Amino acid sequence: MMAEAHELKAWARERIGTGGARAVRRDGRVPAIVYGDKGNPVSVAVDHAELIKQLNTGHFQSTVYMLDVDGKKTRVIPRDVQRDPVKDLPLHVDFLRVSAHATINLDVPVHFLNEEDSPGLKRGGVLNIVRHEIEVLCPVDNIPEAFEIDLTGLDIGDTIHVSAISMPKGVTPTIDDRDFTVATIVASSAEKAEEAEEAEAAEAEAAEAEEGEEGEGAEGEEGAEGEGEDESKE
């Protein structure tokens, strides 16, 4: 799935600094800055409710926006969101200007599909996600909205590597020296405990059988010695 360039309304900010930011927030907006692409930084504000809506999509920072600042449109991509440490609400956003054919680094979320068709998960296995996002280098006009991984047919012990992901043309992982793990299907804690108990029981049975064989061997040796003594007496 490709991320589209969505339009986002913004307003120019004349007052900057702490006082100006507070005034913007009182008006129901979030202060932001637009920078990069050889242009001067510009202080703007975006609507708080609309920003929350975009953040809730789950791919805000991998989406290209046409930022409409008082009628002047600029192609941007969010690069950082500062949040309130207590309320987790957005306090400030950094937007990077990008040209239509620029190449950028960004994190793309990973989505897992068809869990109900995984034999391993059906048997009580657990999907152990190693990477919820994958950092890639990609053209700004061809940004994946998310990478989708099909879990159909995967069993306990199976591993999903980055090479299993079909990436769009021009999109490559920034880690290119190894086929790194994205997720694995592992046994649940209950299954592991059951397997451990079964292994212990098997070991105990093997130990008992071995002791029994040793006991029978010892009795056989004693019998042979007794027969030898009887023969010597004769």
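Trainee: What does Ile 134 touch, leaving out residues up to four places away in sequence?
Mentor: Bear in mind that this is a predicted model. Ile 134 contacts Leu 106, Asp 107, Val 108, Val 110, Phe 147, Val 162, Ile 165, Met 167, Phe 180 and Val 182.

Trainee: And which residues touch the most other members in the largest nonpolar core?
Mentor: Phe 112, Ile 134 and Val 182 do, in a core of 29 residues. At least two residues each come from strand 7 (103-113), strand 9 (133-139), strand 10 (147-150) and strand 13 (181-186). Strand 7 is the top contributor, with 5 residues.

Trainee: Nice. In what order do the strands of the open sheet sit?
Mentor: The order is 10-7-9-12, four strands with mixed pairing. Strand 10 and strand 12 (172-173) are the edges, each pairing on one side only.

Trainee: How do strand 7 and strand 10 run, parallel or antiparallel?
Mentor: They run parallel, joined by 4 bridges. His 111, for instance, has Glu 148 in strand 10 as its bridge partner.

Trainee: Switching topic: how many salt bridges are there in the whole structure?
Mentor: The search finds 4. One of them joins the side chains of Glu 7 and Lys 73, at 3.0 Å from N to O. Glu 7 lies in strand 1 (residues 6-12) and Lys 73 in strand 5 (residues 72-83), 66 residues apart.

How values were computed. Residues numbered from 1 in each chain as written. Predicted model: local features only at pLDDT ≥ 70, side-chain atom pairs only at ≥ 80, totals over all residues. Heavy atoms only, no water. Core = buried A, V, L, I, M, F, W, Y, C linked by side-chain atoms within 4.5 Å. Buried < 20%, exposed > 50% of the residue type's maximum accessible area, 1.4 Å probe, protein only. Contact = heavy atoms within 4.5 Å. Pairing = 2+ DSSP bridges.
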